[in-house]
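Biologist: Could you walk me through this one? I'd like to go helix by helix and then chain by chain.

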Amino acid sequence: MLLFLLILWILSAVLVLLEQRPYRIVIYFGIFSLITSVAYLFLGSPDVAMAEAGISAFTTIFFLVCMERYYAARRKVGAQADSETRANTVPVRKRFVRILPALLFSAGLLGLFIWFIPTGEISTHLRDQYLALFISDVGGENAATAIYLGYRLYDTLFEALILVIAVVAVSHMSWFDGTAMTGSGRRRAEIGHSSMAVFTMRIICPIILLFGAYLFFTVHLTAGGGFQGGLAVASFFICRYLIYDIYDIPIKKVIKMEELVFIGITIVAVLAIFLGVVEFAQIPPVIYLNTMNVLIGMKVACSFFILFYRYIAIERAS
Amino acid sequence: MDILYILSYVLMGAGVAFMLFGVVGLFKYNRFFPRILVASKIDTVGVLTLIAGVALRHGFSFFTGKLLLIVIVMLVLNPLVAHILARSAYLSGFEMETSEEEEEQD
Amino acid sequence: MNWLELFPVALFFISFFGLLIGKTVIKSIVYILLMQTSVILFWLMLGARHGTAPPIVQDAAYLANLDTMADPLPQALMLTAIIIGVSVIAINITMLNALFRKYHTADWKTLDAMAREQEDNDS
Amino acid sequence: MLTFFVIIPVFIAVFLFVFSSAKTARILAIGFQAALTVWAFYLLLLCREAEVVTAVGDYAGVLGIFLRADSLAAAFVLLTSVIFLVLSIYALHEDNSRLFWFLLFLLEGALIGLFLTRDFFNIFVLVEVSTVVVAILLMYDRKRRNMAAGMKFLMVNIIVMQFYLFGLGYLYMLTGVLDMEAAASVIQTLNPRDLALPYALIMTSIAAKCSLLPLLTWLPKVNTMPGARSSIAAIMSGLHIKSGIYLFIRFQEVFGGMASDLFLVIGVLTAIAGVALALTQTDIKLILAYSTVAQVGLIITGLSVGSGYSYMGALFHVINHAIFKVALFLGAGMIIRLYQTRDIRNIRGLWRGSRMISIATVMAIFGIIGAPFFNGSVSKYLLGASVSGALEWVIILINLGTILVFLKYAAMFFGTPPEKLETSSAWRCKLGAILGLGALCLGLGLFGEQAIAFIFNAQVSVDALGYLEKSLIFAASLGVGFVLYRYVLAKRLDSARPILQRLKALDFGFGVLCASMGVFFAVVLVVVGVWGA
């Protein structure tokens, strides 16, 4: 079964490689992400699979917005004679000859790589210890969560930090100098004109929010956690956008809240793990895990909502 | 018990058969709107029957509750997806009688 | 060595090949995403060498089936890697968008030439 | 304790960003930087006695993450804090928003974290953080930024980090741990052929980080992007590249010095290529950036020689290079502001135009070319002390090349200045900053032996006779360089020969950059795998 999935996986990747038209690349990339996510599930990592599924929804949206602007920009200059348009007119054989050195080079590298793949056995030193000790050390029933909220919390802190930086970077790198769009920049989602869609999304929205909350709070019992729950809550905003738009949400307050939540995460992390308060004060691990997860989930939800907002409201505006 | 067992297999088989018909249909019709019609059948009828079979096979537990949630979401979302696809195709100027070549444009 | 692990390796070099021949920035970004995915899948495969059961303890008798559980460490690490990857990709796509608006193209060569022109004007 | 070296800058950065105005941010920045420098000094004192280890969380074995500070890491932390202190003083009266201080503090936290951590995956995370922050800082000026070059920088860095992560996967598979010390002890028991692949993958990413030979063009280009301020270019050349060298040192330790002969060759070639490229440039920032490449090549050479004195010399040169290159870049920023141009042919008469900038720049130049009594001379003496034969001559030749480059650079002191050069009173901080760095160059040169003993906790003896010999060689090469430059090169370099023009405008496309990564990877893999360690 895994073999079958992996073959499909490679095939979809090759489809992405061979496709020339940008819109289709995005669609094939979506297929690729879906297969990847299922493959993760088969490899025994439901946490990563959930994260990948959530992330790929956002990546696809980012790419789609980008493509829309791309075509708008192309239309503006007309069919300019750069290689984007020229590529389709060159005959296939010539194109093949042109890429042949690159093909041979990468094939050679692949061969070299395979020749030198280590044959040694995998060392299970850390795995055994983590599986044996995580319940008594950190608590909870999910070993992956125990690692990223306990043993390797230091990494997770920087992971939260890089989301803060990404939000700052996206607003700094953007063509538009500001955080919120007012007046003429607004546009409603096209779907908003279809009453059937709006009606259905109204039913779906609360379910998604509920699912996000479920992921927040059941982390010590099953797969899921702050990141996945945050992504689910953020995708609630996508659905909300389809019904009501998102321009009524004060984006500056969300940005401020994101940074405040990051400060909260830092304080809780420093107190709980670095200074060892959890152990010292005999706080039940469930309380710590849930606090941390809700904080991280809020952080991730805010970050992805801001990114989504920027793409829909600002990057997409003409 | 045995009847439930057999029934579940029948349901699962029916689901797979629906999907099979759907795929055949996708290849049979070469126009956009018939294809949407057939594809939505795969999503809704095929998957629903399949999940019903799985639920019967598993018996009643928390797992079945999760399946029920999936069924609800699918029941609501799949027709919606088909609707939006068809609607946007119609709005962006796809005629009901388009030929294959015109669909290929981006 | 598990020979299924050759799949991510192959994808790594397929996307490397794509990066070599990719003419537009869009395609380069997609290949980087493919590359990230291949590395992540590789890590998870390493973790699943000794078993593919999720590392979630449902009952107290879990010590008996420890051997069938996947390694939880790669999973925690790859969650981090995925989030880092998507943040960097979001930044990249924003930059790409700003480039479209300025230069109306996504072609590497044209972009390089235009950037050089701008630099010459500046200095 | 070590955790707070990282957490506090990050925390203060976010705190400032949320709560304060630009003015309070400025005052807090200076105060905090000064405090951090003192604290880093205290850490260095502690590390002289024993390694300081902090476990993040209270877990058994190597399950958690460890931060370790030996004297090398403490020296790098001290260097980082000193340079950021100088930069904050330099940037005090610039028109900076909160965002600038936010990013500056984040970068400081990430770099210190990188120097302190000994966890493979933590290194990956921190490198990504610092790369993204540097990318934003490089494109800080909205109007003048060069988005295409910045994008290339970011994408190349993401790709090399994928190489790193892949290599890390194999390393984790073989050793079963992510901690450096634990991994190093396991690695000794492994089959060297198994290690070839992870080594090649990881070294490819590190080589790209320090811009070694086939990958060297992106760094100078990025340094001189129009939107990048000189202070950012200084961080880039002075510190960010040092993080690559630091990782090189650490990973060579982990792998037990594999392939050091290969890196010797690559270092020498990088140095020669850097000198050759620097000679053809006319943009003053580009000259400095390519000379950074040359010095990095020299450092990698010294680190790969393997014997004690050269290694110490290379380590000391890392610190020296950070100091004088930051001084040069900051001085260059002021010169550009003064003359409104970056073309070295149009900058003349700086000595009469602005005495203070000239003094600081001259001190830094004396440092980099290795003039006696300046810090460069001590590190270059040690670098050359334990090598012999051809390599000694190669190092002398590279130094001759450096002298040529800076003769070209020094041409701007002479001649008559244009009528009006506007200096403002707000420059006092900037002048103070670069003069301080210049004085540091002299001080580290005069007390080089003691400085090494203090910083690296290692005894070296600078032999007076050998030092005199080196000084004589330096004087000779200065003479040769002057003659060579004045009568041969000065005219030729400015002529419009096609090959010179091509070297001057050398800028690899994205595909070529990726291909050079592949070539580097293949070479390292074949050398390590086929000919053994």
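Modeller: Helices (H or I, at least four residues) and strands (E, at least two) are DSSP runs, numbered from the N terminus. This is a predicted model, where local features need pLDDT of at least 70 and side-chain atom pairs count only at pLDDT 80 or more, while totals for chains, interfaces and linings use all residues. Residues are numbered from 1 along each chain as its sequence is written, and chains are lettered from A and ligands numbered from 1 in the order in which they are written.

Biologist: OK, chain B then. At what angle do helix α1 and helix α2 of chain B cross?

Modeller: Roughly 165 degrees, and the axes of helix α1 (residues 2–28) of chain B and helix α2 (residues 32–58) of chain B come within 8 Å. α1(B) and α2(B) are therefore roughly antiparallel to each other; the cut-offs are under 35 degrees for roughly parallel, over 145 for roughly antiparallel, 65 to 115 for roughly perpendicular, and oblique for the rest.

Biologist: Is the crossing of α1(B) and α2(B) left-handed or right-handed?

Modeller: α1(B) passes α2(B) in a left-handed crossing. A crossing is left-handed if the near helix is turned anticlockwise from the far one by less than a right angle, and right-handed if clockwise. By class, the contact of α1(B) with α2(B) has 18 nonpolar, 7 polar and 3 charged residues. Here Ala, Val, Leu, Ile, Met, Phe, Trp, Tyr, Cys and Pro count as nonpolar, Asp, Glu, Lys and Arg as charged, and the others, Gly among them, as polar.

Biologist: Jumping to chain D, how far apart are the axes of α13(D) and α15(D)?

Modeller: 9 Å, with helix α13 (residues 308–339) of chain D and α15(D) packing at an angle of about 145 degrees. The crossing of α13(D) and α15(D) is left-handed.

Biologist: And which residues in α13(D) and α15(D) meet?

Modeller: From α13(D) they include Phe324(D), Leu328(D) and Gly331(D), and from α15(D) they include Ala360(D), Ala364(D) and Gly367(D). Two residues are in contact if their C-beta atoms, placed from the backbone, lie within 7 Å. The contact of α13(D) with α15(D) has 9 nonpolar, 4 polar and no charged residues.

Biologist: Is Ser211(D) buried or exposed?

Modeller: Ser211(D) is buried, with 23 other C-beta atoms within 10 Å, whereas Phe373(D) is partly exposed, with 14. The cut-offs are 20 or more other C-beta atoms within 10 Å of a residue's own for buried, 12 or fewer for exposed, and in between for partly exposed, with C-beta atoms placed from the backbone.

Biologist: Now the chain contacts. Which chains share the most contacts?

Modeller: Chains A and C, out of the 4 pairs of chains in contact. That contact takes 81 residues from chain A and 68 residues from chain C. Helix α3 (residues 46–77) of chain A brings the largest share of the side of chain A that touches chain C, 16 residues. The residues on that side divide into 56 nonpolar, 13 polar and 12 charged.

Biologist: Which chains does chain B not touch?

Modeller: No contact joins chain B and chain C, whose closest C-alpha atoms lie 14 Å apart. Chain B and chain D do not touch either, and their nearest C-alpha atoms are 27 Å apart.

Biologist: Last topic: how many helices and strands are there in chain A?

Modeller: 13 helices and 0 strands. Of the 318 residues of chain A, 47% count as buried. The C-alpha trace of chain A spans about 70 × 60 × 35 Å along its principal axes.

Biologist: And what is the radius of gyration of chain C?

Modeller: Chain C has 21 Å, while a compact globule of 123 residues would have one near 14 Å. The radius is taken over C-alpha atoms, and the globule rule is 2.2 Å times the number of residues to the power 0.38. Chain C has 4 helices and 0 strands, and its C-alpha trace spans about 70 × 30 × 20 Å along its principal axes.

Methods
Axes are lines fitted to C-alpha atoms, for helices over the stretch in contact, and angles run from 0 to 180 degrees between N-to-C directions.
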